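Look at the sequence and the model below.

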Amino acid sequence: MEKLIRFNLNGKDREITIDPTLSLLWVLRDQFALSGTKYGCGIGVCGACTILLDNQAIRSCTYQVSDVMDRKVVTIEGLASNGELHPVQKAFMEKDALQCGYCTPGMIMNATSLLLSNPEPSRQEVIDAMQDNLCRCGAHIRIIEAIQSAGQEMKKVNQP
Amino acid sequence: MKKSSLNPELATTKSRLNLKRRDFFTLLGGGVAVYLSSRNPSELLALPLVQRREVPEDFNAFLTIHEDGTVICHVGKIEMGQGPITSLPQQVADELDVRIESIKMLMGDTALCSYDAGTWGSLTTREYSHYLRAACAEARAVLVQLAARHLDIKPVNTKVEDGMVYDATNPEKKISYGWLTKGNRIEESLEEKPKVKDHTEFHYVGQSFLHADARLKVTGEAEYTADIPIEGRVYAKVLRPPSHHVELLSVDYSEAEKMDGVEVVRDGDLIAVLHELPDVAEKALATIKAEYTVDDKEVDDESIFEHLLNAEGETREREKEGELGEGEELADMIVESEFHDGYKAHAPIETHTAMAKWEGEKVTVWASAQSPFGAQDQIAQELGMPLEDVRVISPFVGGGFGGKIYHPQALEAVKIARLAKKPVLLVYTREEEFFMDFFRSAAAIRIRSGITEEGLITMWDYRHYFFEARGSDTIYKVPHKLTTGYSAKRGSPVQPLSTGAWRAPGANSNTFARESHMDIMAAKLGVDPVEFRLRNLSDVKMIAVLEAMVDKFGYTPAKGPSGRGIGMACGTDAGTWVAVMVEVKVDTETGNVQPIRAVVSQDMGMCVNPQGSIIQAEGCVTMGMGYALAEDIEFKGGDVITANFDTYQLPLFSWIPETIDTVILDRQDQAPQGGGEPAIICMGGALANAIYDACGSRVYRMPMTPERVLAGMPMAD
């Protein structure tokens, strides 16, 4: 049975009439053409499909599209504003914290969620928060560095 | 000198670059501009469609220069994170004398790029670069000649800067590459090929560049195969057997066919369900009832090593020097050990993916493939099609590690799309990815060696059973040695699962065995393991790499186990000499191993992009921790039981050493060697030796799980 789902996606109010049990990941990719959110495992253990739901990092492959009703979704495409990259995106570039780039959107979304709740995470706090995001190329050491550096940058920006 | 037909006014081919060009390019902050071939950029180039299956001699096959000075570099290599999209333009810019910002990379498209067999074996820099640089050097020389003719001066009286040819005596007189070529083929060529530049003439090569594709990747704009927007495409889900060793007896897909909008197609044993929504296709697949023969093979992940050691096969002797018996007589001590290593998956985070779109008799396939030309060959051959009717495009690839040398998904998507008469997207599920993988071979190794009291190796009898020989060289100076490889007889495979390339295949297991055995001998002698290696090395490059590693680490000698948790391994791979030293903490209650720091030292000849090479080394250290400490495929017969990342343990953030330092020896005057694979070969041995050094537990089997570390503890009952 199809259902009307209304939600805020990357800052815009959107709606779609669709089977509410469909996987959020594939609906974002196919119905909203947001292909930056990646399929990796389908069971929520790799983190490639991480997005923000009300500013919390979630694994979109384990959510149904109905779970976003009246809520706020941000994907990797919604992170930059007016062409200006988000500090986490900039830090990943500056620290060369990626290789094949396939896990990168999920890493960045998870890191963004962390920095929203803890702007100055210690190395250990970064590790704990990122623990369940998998990267096969081995960019981890630079990702840790990038997240800490982004936190510093965000703090500077937020200070009056 | 061939006759010139490149007179700008008389050029026969019209430039096909139009104003839309801006839409195609994405300029990046990092310097290099990137363009991957996921959309249709054919109007940018003028290339013949069918190419011979060898790297072309015509330099036009590699590059096209447009009037605005943009250089399109079109090469059959693919980008999967290892960095050619950054390092190739560095070399092109230097050989051509153009600004690196003017170069756009067009990669992995069989219709538009110069032929390349595949992106593997750390060959992009050490082999392919030679062709590319030679092509650029020739293009430069021809352009200088043409410019000199137009300027009415001798070529020796020109100088070139940023794609502009000047009269050296009067810089007001100048002519640009772009004006000369206007995006056309350069019809002139040289009989006597010019030399490529000497390292002292490089401007970009040897400098560090950030990933040129980083902006695309941090914004989610980088297109991988599944991201290519194709109108009307449907998802395909393929029926898989429960085991590799069974045959389909009967199948009933009538329930699936009854589902709204679901289509089932069948080509022999290839049975696929199609729907525009992947969830529905998945549900439809689950309704299919299929019966198979029974897999009666008993070998599993525990019995595999006995299976390998006892299997019948062919033997091949290598590195035979002296007589083992004589070496044994010279020895004061004989040391024997046996090492095991289980199957490893490639496990790229992007699963094998393909999209196939037929137009009449022609098919275009986007595929996550390390070898687009190989996929083209395979598809054309299987379907009896002419090569020019099959176009394969490898967009950004989400990790390969050797696993995407095999691309069954491309052929499957092509067959399914032909039957369905619509574009088909096939994204392997993670479960399929594990099932369909060509694993890194399970390995068994036996070593018998003789040493003198002075710490010299007199005899080395090395046997490797039914896996790749790569990395089985002794590397140490031994007067009496023999390396024996056992391999399967044609038609009777010994490995129960499909195996193949995996980031330095064979070398990981062989280096683990050899370097563990080295430390075992050093411990028996009571000699520091680094000192023991130096006593037995004559290879000056290896010695220099070891010394640089020791220096960077700040290592002080001690006999093992010292309790410090420091271990090393060294070897050669892909033309590179490499050594790795790691420090770990071992929890003697749980057996858990925590890496603390790592130092990589390598002599890789000329280094194009030091930053890129360092990142590859860091990747090797990190990925190597996975195979050494945790990764293992559980299986029985042809049934691959490991199905997802909940049971196949990749390295986690908490495992990452606090520092990974990489020393690249300055060898800019020498030929470039490989960088993507070498350091990973050392990780098994270095970690095994560090574990022993920390707690005295010698682990002979990878992965070195906490249980195996505990079982090896000296006090364990």
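What follows describes parts of chain A and chain B in turn.

This is a predicted model, in which local features need pLDDT of at least 70, side-chain atom pairs count only at pLDDT 80 or more, and totals for chains, interfaces and linings use all residues. Residues are numbered from 1 along each chain as its sequence is written, while chains are lettered from A and ligands numbered from 1 in the order in which they are written.

Chain A contains 5 helices and 5 strands; helices (H or I, at least four residues) and strands (E, at least two) are DSSP runs, numbered from the N terminus. Along the sequence their pattern is β-β-α-β-β-β-α-α-α-α. The C-alpha trace of chain A spans about 45 × 40 × 25 Å along its principal axes. A compact globule of 160 residues would have a radius of gyration near 15 Å, and the 16 Å of chain A agrees with this. That radius is taken over C-alpha atoms, and the globule rule is 2.2 Å times the number of residues to the power 0.38.

Of the 160 residues in chain A, 57% are buried. A residue is buried if 20 or more other C-beta atoms lie within 10 Å of its own, exposed if 12 or fewer, and partly exposed in between, with C-beta atoms placed from the backbone. Helix H1 (residues 24–31) of chain A is largely enclosed by the rest of the structure, because 6 of its 8 residues are buried. These are Leu24(A), Leu25(A), Trp26(A), Val27(A), Leu28(A) and Arg29(A). They pack against strand E2 (12–18) of chain A together with helix H7 (278–286) of chain B. After H1(A) comes Ala33(A), with a positive phi near 55°.

The domain assignment divides chain A into domain 1 (3–77) and domain 2 (87–158); such bounds come from an automatic or database domain assignment. The centres of the two domains, taken over C-alpha atoms, are 21 Å apart. Between them, 15 residues of domain 1 are in contact with 13 residues of domain 2, where contact means that the C-beta atoms, placed from the backbone, lie within 7 Å. On the domain 1 side, strand E3 (50–53) and strand E4 (56–59) of chain A each give two or more residues.

Which elements of chain A touch chain B? In all, 42 residues of chain A are in contact with 45 residues of chain B. Helix H2 (87–94), helix H3 (104–117), helix H4 (123–130) and helix H5 (140–158) of chain A each give two or more residues to this side.

Chain B has an open sheet of 4 strands in the order E22-E23-E24-E27, with mixed pairing. Two strands pair if DSSP finds at least two bridges between them. Strand E22 (566–573) and strand E27 (659–664) of chain B are the edge strands, each pairing on one side only. Strand E23 (residues 576–586) and strand E24 (residues 593–603) of chain B run antiparallel and are joined by 10 bridges. Lys585(B) stands opposite Gln594(B) in E24(B). Helix H15 (residues 540–553) of chain B packs on the sheet, touching E22, E23, E24 and E27, and its direction makes about 135° with that of E24(B). Axes are lines fitted to C-alpha atoms, for helices over the stretch in contact, and angles run from 0 to 180 degrees between N-to-C directions.

Note on methods
Contact = placed C-beta atoms within 7 Å.
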